[in-house]
Amino acid sequence: MEFKTNVMRILDKLKIKYNSYCYEGTNAISGLDVANVLNQNPLCVFKTLVTVSKSGNHYVFMLPVEKELDLKKAASAVGEKSIGMIKQKDLLPLTGYIHGGCSPIGMKKFFKTTVDESAKDFDTIIFSAGKIGYQVELGLGELSKVIEFQLADIAF
């Protein structure tokens with residue numbers, strides 16, 4: 001039996017079709033490394049970032065691995081004056097995920113999620129399956145059956 005992450009079990013339970021990828025045992029550390037190891041276009045391989053606003057609200061942003069989060073655009077997209085990245089030590093207690101294995105699916109609590117609008121240029125996007133070494137691929141329509149999200153221009 002192949003290994004299943006919690007994200008994959010959630011997708012299976014909801015009967016959502018997805019492709020899964022395993023790159024365990026490779027030297028892939030960065031998102032670009034992952035895209036290269038999987039032989040995928042880095043524009044359709046997405047990273048999941050968690051932020052906090054001055055008001056203490058947390059937000060999740062998904063964007064292509066070769067791009068950076070524009071904090072001003074991201075804050076504007078969620079109606080905040082400013083946001084910043086959460087501290088790495090706060091990620092696990094807040095989301096249940098570790099750095100490098102954070103997925104928008106299956107967090108301890110749902111946070112307002114924004115996906116970079118470039119995702120609509122692809123039939124599917126690839127993102128963390130919730131464990132380092134594992135990725136899932138699905139379309140935005142399927143993703144919307146699992147989590148609520150908005151599309152916005154948040155990357156540079």
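Student: Is Glu68 buried or exposed, or something in between?
Tutor: In this predicted model, Glu68 has a relative accessible area of 44%, so the residue counts as partly exposed.

Student: Which side chain does Glu68 meet in a salt bridge?
Tutor: The partner is Lys47, with an N to O distance of 4.0 Å.

Student: Where do Glu68 and Lys47 lie?
Tutor: Glu68 is in the loop between β3 (58-64) and α3 (71-77), whereas Lys47 belongs to strand β2 (residues 46-53).

Student: What does Lys73 pair with?
Tutor: Lys73 forms a salt bridge with Asp153, and their closest N and O atoms are 3.2 Å apart. Lys73 sits in helix α3 and Asp153 in the segment after β8 (150-152), so this pair links parts that are 80 residues apart in sequence.

Student: How accessible are Lys73 and Asp153?
Tutor: Lys73 is partly exposed, because its relative accessible area is 32%. Asp153 is partly exposed as well, with a value of 35%.

Student: And which residue forms a salt bridge with Asp90?
Tutor: That is Lys89, where the closest N and O atoms are 3.3 Å apart. Lys89 counts as exposed, since its relative accessibility is 63%. Asp90, at 32%, counts as partly exposed.

Student: Changing topic to the sheets: what is the strand order in the sheet of 5 strands?
Tutor: The order is β4-β2-β3-β5-β8, in an open sheet with mixed pairing. Its edge strands are β4 (83-85) and β8, each of which pairs on one side only. Neighbouring strands of this sheet are turned by 35 degrees against each other on average, direction ignored.

Student: What holds strands together in a sheet, in general?
Tutor: Strands of a sheet pair through backbone hydrogen bonds, in either a parallel or an antiparallel manner.

Student: In which sense do β2 and β4 pair?
Tutor: They pair in the antiparallel sense, over 3 bridges. Within that pairing, Val52 has Gly84 in β4 as its bridge partner.

Student: What about the sheet of 3 strands; which order does it have?
Tutor: This open sheet runs β1-β7-β6, with antiparallel pairing. β1 (19-22) and β6 are the edge strands, each pairing on one side only. From one strand to the next, the twist averages 25 degrees.

Student: How many bridges join β6 and β7?
Tutor: There are 4 bridges, and the pairing is antiparallel. As an example, Ile126 has Glu137 in β7 as its bridge partner.

Student: Which helix lies across β1 and β7?
Tutor: Helix α1 (residues 6-13) does, running at about 30 degrees to β7.

Student: Where is Lys131?
Tutor: Lys131 is in the loop between β6 (125-128) and β7 (134-138). With a relative accessibility of 35%, Lys131 counts as partly exposed.

Student: What does Lys131 touch beyond its sequence neighbours?
Tutor: Not counting residues up to four places away in sequence, Lys131 touches Phe3, Thr5, Glu24 and Gly101. As for Asn27, it is 104 residues from Lys131 in sequence, with 15 Å between the two C-alpha atoms.

Student: Now Ser118: buried or exposed?
Tutor: Ser118 has a relative accessibility of 16%, so the residue counts as buried. Its place is the loop between β5 (112-116) and β6. Leaving aside neighbours within four places in sequence, Ser118 is in contact with Phe46 and Pro64.

Student: One last topic: which residues make the nonpolar surface patch of about 260 Å²?
Tutor: The patch is made by Leu92, Ile98 and Ile132. Leu92 is in helix α4 (residues 88-95), and its relative accessible area of 45% is why Leu92 counts as partly exposed.

Notes: Residues numbered from 1 in each chain as written. Predicted model: local features only at pLDDT ≥ 70, side-chain atom pairs only at ≥ 80, totals over all residues. Heavy atoms only, no water. Helix = DSSP H or I, 4+ residues; strand = E, 2+ residues; numbered from the N terminus. Buried < 20%, exposed > 50% of the residue type's maximum accessible area, 1.4 Å probe, protein only. Contact = heavy atoms within 4.5 Å. Pairing = 2+ DSSP bridges. Axes fitted to C-alpha atoms, helices over the stretch in contact; angles between N-to-C directions. Patch = residues over 30% accessible without salt bridge, like charges linked within 9 Å, V, L, I, M, F, W, Y side chains within 5 Å. Areas by Shrake-Rupley, 256 points an atom, 1.4 Å probe, with all protein chains shown as cover.
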